[in-house]
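Here is a short briefing on one protein chain.

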Amino acid sequence: MSTMQQDQQNTTEAASNRKRSIIDCDLHLAPLRGGYNALKPYLPRFYREQVETWGSRVPAQIGMYNNGGINGSMQGRKVPPGDEAVMLDFLRADLLDKYNIEHGIITGMDYGINTTPDTDYAAAICSACNDYTIEHILDKEPRFKASIMIPKQDPVKSAREIDRVGSHPGFVQVIVSNGAEKPYGHRHYYPIYEACVRHNLPFGIHVSMEGIGINPPPTGAGYVSHYAEYRLARAGIMMTHLASFIYEGVFELFPTLKVVMIEAGTLWIAPAIWRMDEDWKALRHHTPWVKKRPSEYYREHVRVTSQPIEMPHKKDMFLPMLEAIHADECLMFSSDYPHWDFDSPVQAFPKLPDELRERIFYQNAAELYGLPARDGALGGDGQ
């Protein structure tokens, strides 16, 4: 039986159970029909002409570290040709209705814009992406929520963009790439966090663009050769951002800020926070502004998406590892639709206790993003 057939069978079996809706926290809808040409109506004339002459003019991750095909899409999950209405109809049937997704969080359009040194161009493209998303996605399908794209290379311009669209109810977080010029705890980024706090928006970091464009190499030892190595390196960069937020004292300065780590794996967090707690005890005189254990800051301020979740070879290790990363508070389901390593809601996890499943598949995300809460403890597929 093919993977697609197995997925369809599992979906049918799950539908026969008492099924509850879920929140999917990482969707890549590739909504730019026609590429950057779709953004031209939202761009100033100067940048429209640049797009017409030179195309997107941003570095691309695909090609350097190929992730399984164009956009890494699964076989059979490519949106059919047509306009935005065709795209939405396909996504309603193939994603929202099929898996009973009450809300799906779109995690950005093109992270390549986070890698160009031309910050004015980056700001114009991010604004155009956000306006496009409002018109073609958020105003047409209320089950979708979206992330505000910002030119993170320029935190002041980023803050202006957050202020411009941050009050729109369809935007539920700010999004940046994992690849960055500086770790995200650096004071360089404070204007972004001030704007996030003003609008009560989490700051999302999505793996992508490590070692691309203006960003430094994906490892401290330089560039790796293969995509499998690259996938592992991305978790190390996310770990660096996590430590930077904590040790730089960002959560003391911005006590209501929430950070979301997206698509970097999950279970590595346990030994990372254990190590940080030990180092904090031994070296706390170096960072006296860090008033609590790093693991406490993690639990209060950080959320993590599930895909791609690591599965221990011994199945009985899985639940203790979920407990070690405080999954009941911090873990949120994500599918990474429609990429090749998509995690189906009916296959991604082994059987979980009902209450834990409900937290992972719905409640943690609802609390973070201000979405409607619900009573009950039944999980995402009714198991």
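The chain holds 13 helices and eight strands. The model is predicted. Of the 383 residues, 58% count as buried.

**Fold and surface**
- Among contacts between residues at least 6 apart in sequence, 79% join residues at least 24 apart.
- The accessible surface of the chain is about 16,100 Å². Carbon and sulfur atoms account for 54% of that surface.

**Nonpolar cores**
- In soluble globular proteins, nonpolar side chains tend to be buried together.
- The largest nonpolar core has 80 residues. Within this core, F144, Y193, F203, L322, F349 and I360 touch the most other members.
- Leaving aside residues up to four places away in sequence, F144 touches L27, L29, L88, L91, L95, L96, G104, I106, I137 and L138.
- A second, separate core has 39 residues, including I23, A128, A366 and Y369.

**Salt bridges within a helix**
- The whole structure contains 18 salt bridges.
- One of them joins the side chains of R45 and E49, at 2.9 Å from N to O. Both residues lie in helix α2 (residues 45-54). They sit four residues apart, about one turn of the helix.
- R45 counts as exposed because its relative accessibility is 58%, over the 50% cut-off. E49 is partly exposed, with a relative accessible area of 37%.
- D89 pairs with R92, and their closest N and O atoms are 3.0 Å apart. This pair belongs to helix α3 (residues 84-97), with a spacing of three residues, about one turn of the helix.
- D89 is partly exposed, at a relative accessible area of 48%.

**A salt bridge between helices**
- R299 forms a salt bridge with E329; the closest N and O atoms are 2.6 Å apart.
- R299 lies in helix α10 (residues 294-301) and E329 in helix α12 (residues 327-330), so the pair ties together parts that are 30 residues apart in sequence.

- Which residues do salt bridges with shared partners join into one network? They are D89, R92, D97, E141 and R143.

Key:
Residues are numbered from 1 along each chain as its sequence is written. This is a predicted model: local features need pLDDT of at least 70, side-chain atom pairs count only at pLDDT 80 or more; totals for chains, interfaces and linings use all residues. Side-chain values use heavy atoms; hydrogens and water are left out. A nonpolar core is a set of buried Ala, Val, Leu, Ile, Met, Phe, Trp, Tyr and Cys residues joined through side-chain atoms within 4.5 Å. Buried means under 20% relative accessible area, exposed over 50%, partly exposed in between (1.4 Å probe, protein chains only). Contact means heavy atoms within 4.5 Å. Helices (H or I, at least four residues) and strands (E, at least two) are DSSP runs, numbered from the N terminus. Accessible areas come from the Shrake-Rupley method with a 1.4 Å probe; for residues, only the protein chains shown count as cover. A salt bridge is a side-chain nitrogen of Lys or Arg within 4 Å of a carboxyl oxygen of Asp or Glu.
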